[in-house]
Amino acid sequence: MTGFSECIREYLVDEMGLETDIGDNESLFSNKLLDSIDILKLIIFLEQKFSIKFNPLDISLDVFDSISKIATAVEKRA
Amino acid sequence: MGDTSVTRYLIPAVLACLIVILLYPLVTNNYTITKNGAVVDKFPVILKPGELLSLQANSQHAVKVIIDVVTSAPLSSRYNGSEYRYQCLQSNTMCSHQLTITERLGGMQFIADNQTIIQKMGMRTVRHISQGFLNEINKNWLFLSLILLVALVWCTHSSVAVSQWVLNISSIGFLLWIDVLFTVFLISYISIIYAFGNNITARKKSLSTLYLSLLSCIFFLFLFKYFYNAIQSLFFDVGSFALLAPLGISYFVIRLIDTQLKWYRNEIPSIGYRQFLCFITFPATLPAGPIDTVDNFNANRLNRISLNDITHGISRIIIGVFKKAVLADFILFQILFEPGGYYDRVAFFPIEADQSDIVIFLSLALCFVYLDFSAYSDIAIGFSRLLGYRIVENFNWPLLARNIRVFWSRWHMSLSNWCMRNIYMPVMIMTKNFYTPAYVVMLVVGLWHSLTLPWLCWALHHASGLSLVRYLEDRFPAKKTRTLPNWIKQVWGIASIAITFLFAASAHAFTQFADSSTAVILYYRFWFSLITLIF
């Protein structure tokens, strides 16, 4: 779980320009730190990096709303 | 959401009331009665054969009037050169006659066939607002029942179960009053969907049940939305069936689809039938949204209805009524749709129409639709608060958006969020690009409004705009423009608001005209006139 979180954080900081001290539970989408373009890029990254597949009907924006939620979603599918 | 939120809406509501009080004398009962040129200030008046009694509207806003006369014998009336027989079948009883005055100033002349005693004569100004919106409320018992409902909810609010059953029973009662057969059909369908919902939770992951359930919703929507006339013809007396279908049906179905997907994703805890029914048929949002989610709806039930909530609710209702009755119907409707207004100037001869008229018509049409729709949302939000629920906002100054993507995130927000959750995200994950979902969402929304060519064009227009903005945002991220001087950012800010407004306004060529050739000509001429103006 920590490994997933760190990897996701690294991607968000390097590729999306988020601050390095962003909290695991900080809201990303609701606080407008990410938008749907970023979410798409993030999904593509996660699917490639962890060889997982997101079911279109199974995903809501809430799943991507914080680093910890994304990590949980990845862990479930890994 | 404490005192700040109350003041935010209370002050505009008070201002709205003041404006109405100031405007009221200008639009009501402002007329002069003359007999052979002399002003008549008291009744009864004896009218000899051949004498002329003239009733003249003083307000230049008098558009539709009702003239009430109490006379002892039939009168002939004359208006704009046409003769009307103004006949009272019973002497000394009130006879009312309604006419539309198409000129800015207008009136009616009465000539007696025989000597007649006119006991009383007066004119009531009736506006478009009263024809559709306010008049309906005044005319029937609906207004009184809504007050009774609020009182009942306040008395029972301490018990969630009792107050929700009060809401459910009142909604079902209202639907039954409109149409018994349809209500039985609708409530049965909602109950079946609820029963299905228990089978599509994530624990069981019954995808086939989900598909079946979603398909039934779409079928239900199509049945009532597009085969409405055929269904109507099945029934001997459709009554007020029209009030529910097709628009109200769309909102039922949208809430049902959302709830089913949330059940499937296991995003909501199990809810009882009472809560589910209360969410789907909540009286305040029943006819036209906003489209809340079931979890948000139940979570935002107020523990107690405070004085602040009552003030907030009433203020929002006043603001909504003011926007609808004064700004939309009293001002913009007349400018746009009255005889000789902008609609007449552009609709009948779109090729010859003045270019500036086209730009003004489409821009004002956007403002009219915004005021009209956001007014309904204000009233629904205010009424919900009075019933003890804080429901989602639906508009956030969309006309000041800096691009069309932001515009759609601020316009009919509850539907935009619904589309984002249930169409945009799944299609984006499936196709791995952000252009296709924009087209799919806009086509769904466009064809949800109407299965016609102009709405298809509307969908393509907005989807292309969204795709272009997406491309530009991806190509030139905000962080790259942070280094630009402030004045450039400010000028660009104002220009981008104007461009977005005009882009959104131009699409109203497709919403205002069912005839596709008129719509396309006006759309093309709108952009042509803007381009020629700039260059």
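The buried residues of helix α21 of chain B are covered by elements that include α15, α16 (404-410), α22 (508-512) and α23 (516-534) of chain B, where contact requires C-beta atoms, placed from the backbone, to lie within 7 Å, and helices are DSSP runs (H or I) of at least four residues, numbered from the N terminus. The model is predicted, so that local features need pLDDT of at least 70 and side-chain atom pairs count only at pLDDT 80 or more, while totals for chains, interfaces and linings use all residues. Residues are numbered from 1 along each chain as its sequence is written, and chains are lettered from A in the order in which they are written.

The buried positions of α21(B) are B:Thr500, B:Ala504, B:Ala505 and B:Ser506, a residue being buried if 20 or more other C-beta atoms lie within 10 Å of its own.

The largest nonpolar core holds 102 residues, among which B:Leu336, B:Phe361, B:Leu362, B:Phe368, B:Ala509 and B:Leu522 touch the most other members; such a core is a set of buried Ala, Val, Leu, Ile, Met, Phe, Trp, Tyr and Cys residues joined through C-beta atoms within 7 Å. Helix α15 (residues 355-386) of chain B supplies the largest share of this core, 16 residues. Because domain 2 (157-301) and domain 3 (309-534) of chain B both contribute residues, the core lies between them, the domain bounds coming from an automatic or database assignment. Leaving aside residues up to four places away in sequence, B:Phe361 touches B:Leu336, B:Tyr342, B:Tyr343 and B:Val346. A second, separate core of 7 residues includes B:Ile33, B:Leu53, B:Leu55 and B:Ala112.

Between the chains, 14 residues of chain A are in contact with 18 residues of chain B.

Methods. A residue is buried if 20 or more other C-beta atoms lie within 10 Å of its own, exposed if 12 or fewer, and partly exposed in between; C-beta atoms are placed from the backbone. Helices (H or I, at least four residues) and strands (E, at least two) are DSSP runs, numbered from the N terminus. Two residues are in contact if their C-beta atoms, placed from the backbone, lie within 7 Å.
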